[in-house]
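This briefing walks through selected local features of the model shown below, grouped by topic. Please read it alongside the sequence and the coordinates.

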Amino acid sequence: MRYLSFVAAVFTVLIAGIVAAGKSADANSYDAEELRFLQLINDYREDNGVGPLTLSDTLAVSAERHSQDMARYHFFAHNTASSSYYSRGSWPWDRMSAEGYDYNTFKGENIAVGYESAEQSFAAWRNSPSHNAAMLDEKYRVIGIARIKLPSSRWYWTTDFGGVLDPTSHAPDESPQDTDEKSEDAGGIENGEMNGRAVWEQESRGGEDLIIDGHALLGDYDDARDELRQKIRVGENTELSYDLRIKTNEHRHPSDRLLVRLTNRKGEQLAVLRRYSDGDAGGWRRETVDLSRFAGRTVYLSFFVETDPMLRTAFYLDKVALENKGRS
């Protein structure tokens, strides 16, 4: 089939089940036009009330290699016709997974050929309904951007989208985060040390940063009202696990409380998974909650703390994870 247009339709998929993070890509270098495209798409998303995208070096590798293959082997399609890197017939999510982006999340891809500048590619995608929908999709949180021109080819652009911040994601002027002690799993949960402020939404009546020194601290001041939350996709046979420590000066129990709960996007409570109070004070312990009854739903995981105006209670959290009960 001959392609007369310079853009191809977007493909989006939700992979079923929860899987572990794979290898991470080496840090990518981005040329001026690729970085210009990131600015254009994020300005566009902001104008339309959608959150910004973060660069993912892993997705940049899958995007770059697909652009290289299209330029080298003279095809223009989402599925791989010939490749120096992937099996013939591979789709965007296959290529992303092969590079280590194998999360249970929404994934998408836009491709274009014949445009040298970021403005030209952006305009072409904006004027195509399916590509425009991908650029404005609020489910996407990261992007890989690559444009390639070989000596005998035109310019080939690929942008790969994903719904999970992976360990290689970063702002244009930053390096990827150190991943020795943490990774993120399929639902966007930060497994390991809690030092990813880009992952967790925070609200604190005291105005404090709730994530410090590799863990979260909620409460520990008078009349506290603190919340950490993030959007998750619950798969089959999923368990929520986290480390919890509670320290208190209270003498009358219960006075202060922590709710582990699920909410909708507006913050309205859907279910309380666990309740804790100052009466549960003690050292670090591992807690596990079965989420299988919420399988297939996209919800917000919330850790919500309220304390009274008197003596203080501190609730510490660490190593929050979504895990598949059937995975060995």
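Predicted model: local features only at pLDDT ≥ 70, side-chain atom pairs only at ≥ 80, totals over all residues.

**The loop between β11 and β12**

D223 is found in the loop that runs between β11 and β12.

*Backbone and ion pair in the loop*
- D223 has a positive phi of about 55 degrees although it is not a glycine, and with a relative accessible area of 36% this residue is partly exposed.
- D220, found in the loop between β11 (215-219) and β12 (225-233), likewise is not a glycine and has a positive phi, of about 70 degrees; its relative accessibility of 32% makes D220 partly exposed.
- For context, most residues other than glycine have a negative phi.
- The side chain of D222 meets that of R312 in a salt bridge, at 3.8 Å from N to O.
- Because R312 lies in the loop between β17 (298-306) and β18 (313-324) and D222 in the loop between β11 and β12, this pair ties together parts that are 90 residues apart in sequence.
- R312 is partly exposed at a relative accessible area of 40%, and D222 is partly exposed at 35%.

- E34, which lies in helix α1 (residues 32-47), is buried yet has no salt bridge, the nearest side chain of opposite charge being R147 at 5.1 Å; a salt bridge would require a nitrogen-to-oxygen distance within 4 Å.
- The side chain of R147 meets that of D31 in a salt bridge (2.8 Å, N to O).
- D31 lies in the loop between β1 (11-14) and α1 and R147 in strand β4 (residues 142-148), so the pair ties together parts that are 116 residues apart in sequence.
- R147 counts as buried at 13% relative accessibility, whereas D31, at 26%, counts as partly exposed.

*A further salt bridge*
- R65 forms a salt bridge with E99, the closest N and O atoms being 3.0 Å apart, and this pair links helix α2 (residues 57-73) to the loop between α3 (92-98) and β3 (106-113), 34 residues apart.

*An open antiparallel sheet*
- Five strands, in the order β9-β12-β17-β14-β15, form an open sheet with antiparallel pairing, and its edge strands, β9 (201-204) and β15 (269-277), each pair on one side only.
- Strand β14 (residues 257-263) pairs with β15 over seven bridges in the antiparallel sense, and L259 has R275 in β15 as its bridge partner.

How values were computed. Residues numbered from 1 in each chain as written. Heavy atoms only, no water. Helix = DSSP H or I, 4+ residues; strand = E, 2+ residues; numbered from the N terminus. Buried < 20%, exposed > 50% of the residue type's maximum accessible area, 1.4 Å probe, protein only. Lys, Arg positive; Asp, Glu negative; His and termini not counted. Pairing = 2+ DSSP bridges.
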